[in-house]
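This report is meant for a reader who is meeting the structure for the first time. It begins with the overall architecture and then turns to individual helices and residues.

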Amino acid sequence: MSGLNASLGYFLSVVIFAVLVKTLFRKWPRFSFVSEFTASFMLVACWLEIQTIVEVGQWAGGLGQDVTVTMLFVLLLTHGVLCAGTSGNPSLVVQKFLQLEAGALPTALAVAAQFGGAHLAVLAARYYWSLELTDMHMIKNLMWRECGTSLLVSVVQGFFTECACALVFHLIQLNLRRRSVLIRVPLIAVLLTFFSHVARSYTSAFMNPSLAYGLTFHCPGFTFKEYAVVYWLSSLTGMMLALLLYMGHIPRLFAKNLLYFQKTRFRVPKGDKPEKKKK
């Protein structure tokens, strides 16, 4: 129980830090990319601790799978509420760019901020583990250099797994984006928790390039390029396919609708042809 209390204290500290930084920069719209930094930091830092509980907690702290699934859902729900308007997900930022809803420079800054937040989250988590507050964290501190990769299948299987999950996720997200927050946030949290649980024996279905970078890119087993293909290229591919299926085209790349026939909004009533004027 002491391990769970320490983890809850860590979660609370991360959330407070993220909210304080976001509030501090809210008054300066030109620094809006900082919100993406805090969203990514909060998501990666907390998910790293949940990953620790999954790997070590069951036999070092007596924490079962039901605890980790519940904590993951609460994390995603809290993240969706506190980080409203931001995602911490480079795929969603690039999606807005492809939909002509954001410019090139804001998109580049937001993506850079997300990866910066993910990297800082890894450093913060390592420092927290080095304190060795519980047996679980002491073991994690000893084994973090030999962590287990989330990619448990071949690169090809991993690519298609992440791509399929990203396709479904982005299709649902596109259909829910104009719905009320009370409906959208819980449904997205349930969906992400479900995908993470189902794909646990494959890729863990991160569907988030910065999250995958923080959680598994430093683990041995695959090269950086192989991880990039599975967790970056597949997420972008799934997102673009979802956008194509949802809109019929990708506005940033081509304007013509390739899949759906666009009907004119107003119909011209059919009537008798005007008689020719008599001479």
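Read along the sequence, the chain of this predicted model follows the pattern α-α-α-α-α-α-α-α-α-α, and its secondary structure comes to 10 helices and zero strands. Helices (H or I, at least four residues) and strands (E, at least two) are DSSP runs, numbered from the N terminus. Because the model is predicted, local features need pLDDT of at least 70 and side-chain atom pairs count only at pLDDT 80 or more, while totals for chains, interfaces and linings use all residues. Residues are numbered from 1 along each chain as its sequence is written, and side-chain values use heavy atoms, with hydrogens and water left out.

Of the 279 residues in the chain, 45% are buried, where buried means under 20% relative accessible area, exposed over 50%, and partly exposed in between (1.4 Å probe, protein chains only). Among the contacts in the chain with a separation of 6 or more, 75% are accounted for by residues 24 or more positions apart, a contact being heavy atoms within 4.5 Å.

Helix α5 covers residues 104–130, and its 27 residues should span 39 Å at 1.5 Å a residue, which agrees with the 39 Å between its end C-alpha atoms; the expected span is 1.5 Å times one less than the number of residues. The buried residues of α5 include Thr-107, Ala-110, Gln-114, Gly-117, Ala-118 and Ala-121. An α-helix has 3.6 residues a turn, so residues three or four places apart point the same way.

The axes of α4 and α5 come within 9 Å and cross at roughly 180°, axes being lines fitted to C-alpha atoms, for helices over the stretch in contact, with angles running from 0 to 180 degrees between N-to-C directions. That makes α4 roughly antiparallel to α5. Pro-90, Val-93, Val-94 and Phe-97 of α4 make this contact with Ala-104, Thr-107, Ala-110, Val-111, Gln-114 and Phe-115 of α5. Angles under 35 degrees count as roughly parallel, over 145 as roughly antiparallel, 65 to 115 as roughly perpendicular and the rest as oblique.

Helix α4 (residues 90–98) also meets helix α10 (residues 224–247), where the axes come within 10 Å and cross at roughly 40°, and the two are therefore oblique to each other. On the α4 side, Ser-91, Val-94, Gln-95 and Leu-98 take part, facing Ser-235, Leu-236, Met-239, Met-240 and Leu-243 in α10.

| Residue | Relative accessible area | Class |
|---|---|---|
| Leu-4 | 14% | buried |
| Ser-40 | 1% | buried |
| Glu-132 | 34% | partly exposed |
| Met-207 | 2% | buried |

Leu-4 is found in helix α1 (residues 2–24), and although Leu-4 and Met-136 are 132 residues apart in sequence, they lie 9.7 Å apart in space, C-alpha to C-alpha. Ser-40 has its place in helix α2 (residues 33–60) and, leaving aside its neighbours within four places in sequence, is in contact with Gly-88, Gln-114, Gly-117, Ala-118 and Ser-210.

The other two residues of the table belong to loops. Glu-132, in the loop between α5 and α6 (135–143), has a positive phi of about 50° although it is not a glycine. Met-207, in the loop between α8 (181–198) and α9 (209–215), has a positive phi of about 55° and is likewise not a glycine.
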